[in-house]
Amino acid sequence: MLPLRPELAGLEPYGAPQLDVPVLLNVNENPYAPSEQVVADVAAAVAQAARGLNRYPDRDFADLRADLAAYLLAESGVALTPAQVWAANGSNEIMLHVLQAFGGPGRTALSFAPTYSMYPEYARDTSTRWVVGRRAEDFTLDPEHARATIAEHAPSVVLLASPNNPTGTALPAATVRAVLDAAARVPGGCVVVVDEAYGEFRRAGTPSALELLAGHPHLAVSRTMSKAFGLAGARVGYLAAAPALVDALRVVRLPYHLSAVTQAVARAALAHAPELMAQVGSLRDERDALVAWLRGRGFEAADSDANFVLFGRFDDRDAVWQGLLDRGVLVRVTGPEGWLRVSVGTPAETAAFTDALVEVTGR
């Protein structure tokens, strides 16, 4: 018998279904592959890195951090130094670093459900107590509820997804400020992480929490290159925060955790940021059109600032999911009971989804 930790007994690994069907709209990938020029430049950068693979990579990847800071300045208008940026193998590893540094036995991590299903797993894996408050019926977060929940549980880490997964809901700056104010009153201190994995897809006028970094040393804002950059296969996530918070993450990271190849791929892609970001606008338009179509057909669709839409409600969402799958369209069973989530695809993929949904539901 293996001496498995008791809290892991009987658990299944995280993962969405990976099925070979024509239309894959279940894991919020960018449907557009990199251009041939991007592919060529990435390949050249990897070839250059390969010539030095007998050596360990730069542990602190100063050049990549500088490139990420430059990108965030262009994207959000917030000036950061490389010392304020950290990166890892996807934003999943970024979050794990945060919980390793600031969570642990006797400490609490808090979020507000429904939200990203991996958050409690980060807490579990770091032996951190996990607590959730609730979002409102429209998936917004009431600032007073947030304040009260933080005061009650005194967490050392608060995780806020904005835009939220699986609902697509973005947080107003006033709500983030309310959480920061409540977190500042927690004895012993509290780190607030605003997870902006889908931040580039936010609608016009929706601010980034990056704008709040200057006045809040316990705030961290995480991003990823998986979504807007279309680099899910590269596994690059990153975080912006005060240098002292970043230095705490450097303590818990594994040695040489970001390979030379990963660094090369990320830097080559960042050099093409304007081209890759041009796809984001078309995906926003496709998302907004899909929300309007769903509502026009009598479905509920949550307001979304991400590259996916939560829609429903269904008496038997599993039957609808299966019906779509039978027609070659894979979406995700996630979120509150009765809802499904569909990623924004190409116009052809969206048409395949809407045609299949009409056939399955008769609407």
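**Close-up 1. Buried residues of helix α3 in the predicted model.** Within α3, the buried residues are G90, S91, E93, I94, M95, H97, V98, L99 and F102. An α-helix has 3.6 residues a turn, so residues three or four places apart point the same way. Helix α3 covers residues 90–102, and at 1.5 Å a residue its 13 residues should span 18 Å; the C-alpha atoms at its ends lie 19 Å apart, which agrees.

**Close-up 2. Packing of helix α1 against helix α8.** Helix α1 (residues 36–50) and helix α8 (residues 260–270) pack with their axes 8 Å apart and at an angle of about 150 degrees. Angles over 145 degrees count as roughly antiparallel, and α1 and α8 are therefore roughly antiparallel to each other. Their crossing is right-handed. Helix α1 contributes D41, V42, A45, V46 and A49 to the contact, and helix α8 contributes A260, V261, A264, V265 and A268. By class, the residues of this contact of α1 with α8 comprise nine nonpolar, one charged and no polar.

Close-up 3. Apart from neighbours within four places in sequence, F61 is in contact with W86, A87, H257, L258 and Q263. From F61 to E7, the C-alpha to C-alpha separation is 36 Å in space, and the two residues are 54 residues apart in sequence.

Key:
Residues numbered from 1 in each chain as written. Predicted model: local features only at pLDDT ≥ 70, side-chain atom pairs only at ≥ 80, totals over all residues. Heavy atoms only, no water. Axes fitted to C-alpha atoms, helices over the stretch in contact; angles between N-to-C directions. Helix = DSSP H or I, 4+ residues; strand = E, 2+ residues; numbered from the N terminus. Parallel < 35°, antiparallel > 145°, perpendicular 65-115°, else oblique. Left-handed = near helix turned anticlockwise from the far one by under 90°. Contact = heavy atoms within 4.5 Å. Nonpolar A, V, L, I, M, F, W, Y, C, P; charged D, E, K, R; others polar. Expected span 1.5 Å × (residues − 1). Buried < 20%, exposed > 50% of the residue type's maximum accessible area, 1.4 Å probe, protein only.
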